[in-house]
Amino acid sequence: MSHGPRSGLAAVSSALLAMSRHLEVRDVLKTIVASARELLDAQYAALGVPDDHGGFAQFVVDGVSEDQWKAIGPLPRQHGVLAAMLHEARAERLADVRKDPRFEGWPKAHPDLIDFLGLPIRDGDEVIGALFLANKNWPKPEGSCGFTADDEELLGILAQHAAIALTNARLYERSRELTIAEERSRLAHELHDAVSQKLFSLRLTAQAAARLVDRDPSRAKGELQQVAALAAEAADELRAAVVELRPAALDEDGLVATLRTQIQVLDRAHSARVTFVARGVKALPASQEEAVLRVAQEALHNALRHSGADHVDVTLDRRGSGAVLRVADDGGGFDPSVVRRAGRHLGLVSMRDRASGAGGTLTVESAPGKGTVIEMEVPGG
């Protein structure tokens, strides 16, 4: 077992739990590397995910400063001992990696690596990464490897769990990509149905105006005014769709800033007054933030396109470690039971699915002539 300060079952458990907490591939890689270096008390650790062209798609290090990493230069190629781990899929434990016949040198700014322990990360028969440590932080006899057989066994356990965590993170990212693709497909259909109808009406109205210009100028003027109104509606549809196609802002700006920006755009694009207030909301897990954003978009879409509201008020308040979203309009309202019986859901099924998928709840209050209030609560992290 490792002679470092974090040896023992508690340290192993801590490292495995840390890996399981992350869903983004890059975060998982960083956690694996940091956990391995701390657990086995090494000066340096690195993990490379190979690409299909003899290089690495991703390469994460721990123990090297950002300035050092920049000075080292491009990512390494799959050569020397790294290639052996990837292609022969076996562990490598060396007293001095520089004296190994497969050693091919490294850039001038690269730190000196001496004793070395490396393992492939495998998913079944596929090698999905190479994990290695260098320079054990405890005294060792001259010419011997500081990493022991027990260290190799421990790193092997860590590599097995790293394979699970990395595979899960990849599956999560792929599922997110599919979700985004489905969302874009839905928006594309919606955009086609709504905007193409507007454009078709606009073309017919413009043709009618052209025929009336000479024989009935006053009627032609009315038709041209209708052209302007249809063009404005088509522009509104486009702006709303563009807003919905930009959930990536969540990663950069967070939920509150993203909602505020989108609502400002909708306020400018529509005749109804759309307002937003956030009070004390802290960062939420990524899945919950995306669910809140999507429910807000669906509720705003319904209010602005179907309710005839003059005012739509959006609030986001902190509740415990979570948050409550409230979208209220003063529009025509509806009878939810009638909507369900008629098979028209106004996106309510989608909103409820998003809320429950994020561990939250959704309530809808509405009645004819009484406006609509949609409230979603998520638990936070």
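Does A89 count as buried, exposed or partly exposed, and what is its relative accessibility? In this predicted model, the relative accessibility of A89 is 23%, so the residue counts as partly exposed; the cut-off for a buried residue is under 20%. A89 lies in the loop that runs between α4 (80–88) and β3 (92–94). The phi angle of A89 is near 50 degrees, which is a positive value in a residue other than glycine.

A positive phi is also found at N135, where the angle is near 65 degrees and the residue is again other than glycine. N135 is part of strand β5. Its relative accessibility is 8%, and N135 therefore counts as buried.

Aromatic contacts were examined next. A pair of aromatic rings is described by the distance of the centres and the angle of the planes. Searching the whole structure gives five aromatic pairs. In the pair formed by F56 and F59, the ring centres are 5.2 Å apart and the planes stand at 65 degrees; the pair is edge-to-face because planes over 60 degrees apart fall in that class. Both F56 and F59 are buried. For F116 and F132, the centres are 5.2 Å apart and the planes are at 25 degrees, so this pair is stacked, the limit for stacking being under 30 degrees. F116 and F132 are both buried. Through ring pairs, F56, F59, W69, F116 and F132 are linked into a cluster.

Two packed helices are described by the angle between their axes and the distance between the axes. Helix α8 (residues 255–269) packs with helix α9 (residues 286–306) at an angle of about 15 degrees, and the axes are 10 Å apart. This angle makes α8 roughly parallel to α9, since angles under 35 degrees count as such. The crossing of the two helices, α8 and α9, is right-handed. On the α8 side, the contact is made by L255, T258, L259, Q262, I263 and L266. These residues meet E289, V292, L293, A296, Q297, L300 and L304 of α9. Sorted by class, the contact of α8 with α9 comprises nine nonpolar, three polar and one charged residues.

Terms used: Residues numbered from 1 in each chain as written. Predicted model: local features only at pLDDT ≥ 70, side-chain atom pairs only at ≥ 80, totals over all residues. Heavy atoms only, no water. Axes fitted to C-alpha atoms, helices over the stretch in contact; angles between N-to-C directions. Helix = DSSP H or I, 4+ residues; strand = E, 2+ residues; numbered from the N terminus. Parallel < 35°, antiparallel > 145°, perpendicular 65-115°, else oblique. Left-handed = near helix turned anticlockwise from the far one by under 90°. Contact = heavy atoms within 4.5 Å. Nonpolar A, V, L, I, M, F, W, Y, C, P; charged D, E, K, R; others polar. Phe/Tyr/Trp six-rings, centres within 6.5 Å; stacked < 30°, edge-to-face > 60°. Buried < 20%, exposed > 50% of the residue type's maximum accessible area, 1.4 Å probe, protein only.
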